[in-house]
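Biologist: Could you go through this one with me? I would like to hear about the helix packing and then about the cavities.

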Amino acid sequence: MADHKNDSKYVPTLSEKHSGIPEKLLSKAQEAKAHVLSVRTKTGDAKPRAVVYPPGVEESVFDKAVEALREELGTEQVVLNDQPLEDGWYMEHPNTHDMMYVLDQQDLVPSAVVYPGSTEEVQQIVKWANKYRIPIFPISMGRNFGYGGAAPRVRGSVLVDLGKRMNKILDINPDDYTCLVEPGVSFYALHDEIEKRGYDHMWIDTPDVGGGSVLGNTIDRGVGYTPYGDHWAVHSGLEVVLPTGEVIRTGMGALPGNNTWQTFPYGFGPYSDGIFSQSNYGIVTKMGMALMPNPGGFESYVYTFPKEEDLTQMIEIIRPLRIGNILENVAQLRHVIQSIAVTGDPRSKYYTGDGAIPIDIIHEAASKTPLGDHTWIYFGMSYGPPHIRKYKLDIIDAEFKKVPGARRIDPATLPSNHYFWVRDRIASGTPDLQELRWVQWVPNGAHIAFSPVSPIRGADATRLIEMARRRHDEFGIDLLPAFIVGLREMHLIVNIHYH
């Protein structure tokens, strides 16, 4: 197999690989990869590695177990993790460790990787793990960067990579607005398939970057940016392999011959789906999902606010608008430093001194951008026909402009490559790639995310930002905060950059 890791022109496409990029995003992906390679100074270790064995498992027992699993699944589907650890980049990420590791690169690595091709083979793997007392760690596609990637929590676990061979879109129903997917279906792939079938009356909902697993993101309770942004809330029906190797289907999926598995999530009796989200109580092999009706029109907008202390008033304004669904999607209030970092230019372009970058330097840089100087920025979208949008947008404009100095930016003044248009595509259900450019704020950039939750209250927002700023100042690192507001709660997304 050719080695493409240092070839900036090569990016796998969906036609080549389940985790690839859509053809229409290929040039953007090539540009992103070239940018990552241009600022990378780290070189990999090309030496072969010894296998890291699971804790408490003798080498002879492990070797015997691996041979037994190869006999069941095929030699090529069970691979020892004894090769150099390559970090790759977003579209060519490793399944051997966390691409953005915080500890030593080898601290959280699997002993081997296994590639099941069906629910039945996942059952075989679970029963095998029970027999030999070997820990296993399933991933869908391993792209939850910032929260661990593909790194197993127990060093030496056997990693079960569900995405490589279980990547089928099993159903898209244009009448019910539902789909049924396996773990290896990315947001890119689902969007691409809906377009190919000509279902322009349906949208998907996508997170900031579309390469992750629809199933994996949902059972991790991830979010996107349309009114269907709470992915867990719009899933319907799971197929799960339990720790015993048994299979269950939740909701209506347990009833033979029914046709409502993706349309009625609850079924009859106790509702068990929740125990399989953010948990290790089972391996989810299929999931149903609701798709959003095309609203018949949409309009993105962006407001800027001049002062740090505007945060408290803004959150108080956002709360009733969000609860009342005048703000129809996940509300995003981001700090000016993100407006600068998301361009992809490194921090060193603006500041090479010690400690956090002085805020006056950030404001000076912002003043030279199409948005002008600001401290907070709000990205939003209104959905529906023009008269419906106007009704909601007029309310939003009147409320936001209660903040002195608030400005609504005319999208016509923004160049086609501006970040505003990335938010426009994502909020209208079209996956993109540009979001991760801010990771290159530091050399060999990586990030780990910490996202505390609070009510939607100005006082809480102020306390959260002050707490985050104190800790960042303590360690001399830049704070790139964003408030993401759901219906009745908000997360402060703290992306801690390091290299």
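**Helix packing and cavities**

Modeller: Let me begin with one contact, keeping in mind that this is a predicted model: Leu311, Thr312, Ile315 and Glu316 in H6 meet Gly458, Ala459, Ala461, Thr462 and Ile465 in H11. By class, the contact of H6 with H11 has five nonpolar residues, three polar ones and one charged one.

Biologist: How do the axes of H6 and H11 cross, and within what distance do they come?

Modeller: The axes of helix H6, residues 310-323, and helix H11, residues 458-475, come within 7 Å and cross at roughly 140°. The two helices are therefore oblique to each other, and the crossing of H6 and H11 is right-handed.

Biologist: And H9, at what angle does H6 pack with that helix?

Modeller: H6 packs with helix H9, which covers residues 386-400, at an angle of about 155°, and their axes are 10 Å apart. That angle makes H6 roughly antiparallel to H9, since angles over 145 degrees are counted that way. H6 passes H9 in a right-handed crossing.

Biologist: Which residues of H6 and H9 meet there?

Modeller: From H6 there are Met314, Ile317, Ile318 and Leu321, and these meet Ile395, Glu399 and Phe400 in H9. Sorted by class, the residues of the contact of H6 with H9 are six nonpolar, no polar and one charged.

Biologist: Moving to another pair, how do H2 and H3 pack?

Modeller: Helix H2, residues 59-73, packs with helix H3, residues 119-132, at an angle of about 160°, with the axes 11 Å apart. That makes H2 roughly antiparallel to H3, and H2 passes H3 in a right-handed crossing.

Biologist: What residues make that contact?

Modeller: On the H2 side the contact is made by Val61, Lys64, Ala65, Val66, Ala68, Leu69, Glu72 and Leu73, and on the H3 side by Glu121, Gln124, Ile125, Trp128 and Tyr132. By class, the contact of H2 with H3 has nine nonpolar, one polar and three charged residues.

Biologist: Okay, on to the cavities. How many of 30 Å³ or more does the structure hold?

Modeller: The structure holds three cavities of 30 Å³ or more, and the largest cavity has a volume of about 80 Å³. The largest cavity is lined by 13 residues, of which the closest to its centre are Ile204, Asp205, Met289, Ala290 and Leu291.

Biologist: Which elements give two or more residues to the lining of the largest cavity?

Modeller: Those elements are helix H4, residues 187-196, and strand S10, residues 283-290. As for residue classes, the lining of the largest cavity divides into 11 nonpolar residues, one polar and one charged.

Biologist: How much space lies in the second largest cavity, and which residues line that cavity?

Modeller: About 60 Å³ of space lies in the second largest cavity, and its lining consists of Tyr225, Ser300, Asn329, Gln332, Phe379, Gly380, Met381, Arg423, Asp424 and Ala427. Strand S14, residues 376-383, and helix H10, residues 419-427, each supply at least two residues of this lining.

Biologist: How do the residues of that lining divide by class?

Modeller: The lining of the second largest cavity has four nonpolar, four polar and two charged residues, whereas the lining of the largest cavity has 11 nonpolar, one polar and one charged.

Notes: Residues numbered from 1 in each chain as written. Predicted model: local features only at pLDDT ≥ 70, side-chain atom pairs only at ≥ 80, totals over all residues. Heavy atoms only, no water. Axes fitted to C-alpha atoms, helices over the stretch in contact; angles between N-to-C directions. Helix = DSSP H or I, 4+ residues; strand = E, 2+ residues; numbered from the N terminus. Parallel < 35°, antiparallel > 145°, perpendicular 65-115°, else oblique. Left-handed = near helix turned anticlockwise from the far one by under 90°. Contact = heavy atoms within 4.5 Å. Nonpolar A, V, L, I, M, F, W, Y, C, P; charged D, E, K, R; others polar. 1 Å grid on protein atoms, 1.4 Å probe; cavity = no way out; pocket = protein on both sides within 12 Å on 5 of 7 lines; lining within 4 Å. Points joined across faces, edges and corners; volume = space filled by probe spheres on them.
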